[in-house]
Amino acid sequence: MMIQLVSIALGGFCGAIIRYMATSFIQNKFNSQFPIGTLSVNLLGSFLLGALLSLDVSKNIYVLLGIGFLGSFTTFSTFVVEVMQQWLTKNKLIAAIYLAVTYIGGLLCAVLGYML
């Protein structure tokens, strides 16, 4: 049990830092009003989690990578805040597109990752 908790903490630490760096880089690169950074990491994370699920990895590896790393690499709370910000600043179309692309795209990426 303690090894799994340490694995989650280590994976979560790394995933959160890499998410912050990746979203900042992507958002600055595209300089867009659309939250492309968070969308990118969430879709990539969905793909990677789907791929991880398709592999026959040990429970300890899944805990480290799936729960720890990918759990903190992807971020539902940031996604929700960004959708609300778009909605409240009268960018309802962007909010709706972001919602649709995240949910539909995330599911498709997870399936694609699993199939590959």
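Biologist: Which residues in helix 1 meet which residues in helix 2?
Modeller: Arg19, Ala22, Thr23, Ile26, Gln27 and Phe30 in helix 1 meet Ile36, Gly37, Thr38, Ser40 and Val41 in helix 2. Contact here means heavy atoms within 4.5 Å. Helices (H or I, at least four residues) and strands (E, at least two) are DSSP runs, numbered from the N terminus. This is a predicted model, in which local features need pLDDT of at least 70 and side-chain atom pairs count only at pLDDT 80 or more, while totals for chains, interfaces and linings use all residues. Residues are numbered from 1 along each chain as its sequence is written, and side-chain values use heavy atoms, with hydrogens and water left out.

Biologist: What is the make-up of that contact by class?
Modeller: The contact of helix 1 with helix 2 has five nonpolar, five polar and one charged residues. Ala, Val, Leu, Ile, Met, Phe, Trp, Tyr, Cys and Pro count as nonpolar, Asp, Glu, Lys and Arg as charged, and the others, Gly among them, as polar.

Biologist: At what angle do helix 1 and helix 2 cross?
Modeller: They cross at roughly 130 degrees, and their axes come within 7 Å. Axes are lines fitted to C-alpha atoms, for helices over the stretch in contact, and angles run from 0 to 180 degrees between N-to-C directions. Helix 1 and helix 2 are therefore oblique to each other. Angles under 35 degrees count as roughly parallel, over 145 as roughly antiparallel, 65 to 115 as roughly perpendicular and the rest as oblique.

Biologist: Stepping back, how many helices and strands are there in the protein chain?
Modeller: The protein chain has five helices and zero strands, in the order α-α-α-α-α along the sequence. Its C-alpha atoms fill a box of roughly 45 × 30 × 25 Å along the principal axes.

Biologist: What share of the 116 residues is buried?
Modeller: Buried residues make up 34% of them. Buried means under 20% relative accessible area, exposed over 50%, partly exposed in between (1.4 Å probe, protein chains only).

Biologist: Which residues of helix 2 are buried?
Modeller: Gly37, Thr38, Leu39, Val41, Asn42, Leu43, Gly45, Ser46, Gly50, Ala51 and Leu52 are buried. They pack against helix 1 (2-30), helix 3 (59-73), helix 4 and helix 5.

Biologist: And how does helix 2 pack with helix 5?
Modeller: The angle is about 25 degrees, with the axes 6 Å apart. That makes helix 2 roughly parallel to helix 5. In helix 2, the residues that meet helix 5 include Leu43, Phe47 and Ala51, and those on the helix 5 side include Val101, Gly105 and Cys109. By class, this contact has 11 nonpolar, eight polar and no charged residues.

Biologist: What about helix 4 and helix 5, at what angle do they pack?
Modeller: Helix 4 (residues 76-88) and helix 5 (residues 92-115) pack at about 155 degrees, with axes 7 Å apart. That makes helix 4 roughly antiparallel to helix 5. Among the residues making the contact are Phe76, Phe79 and Trp87 of helix 4 and Tyr98, Leu99 and Tyr103 of helix 5. By class there are nine nonpolar, two polar and two charged residues.

Biologist: Last one: which residues of helix 3 are buried?
Modeller: Val63, Gly66, Gly68, Phe69, Leu70, Ser72 and Phe73 are the buried residues of helix 3. What covers them includes helix 1 and helix 2.
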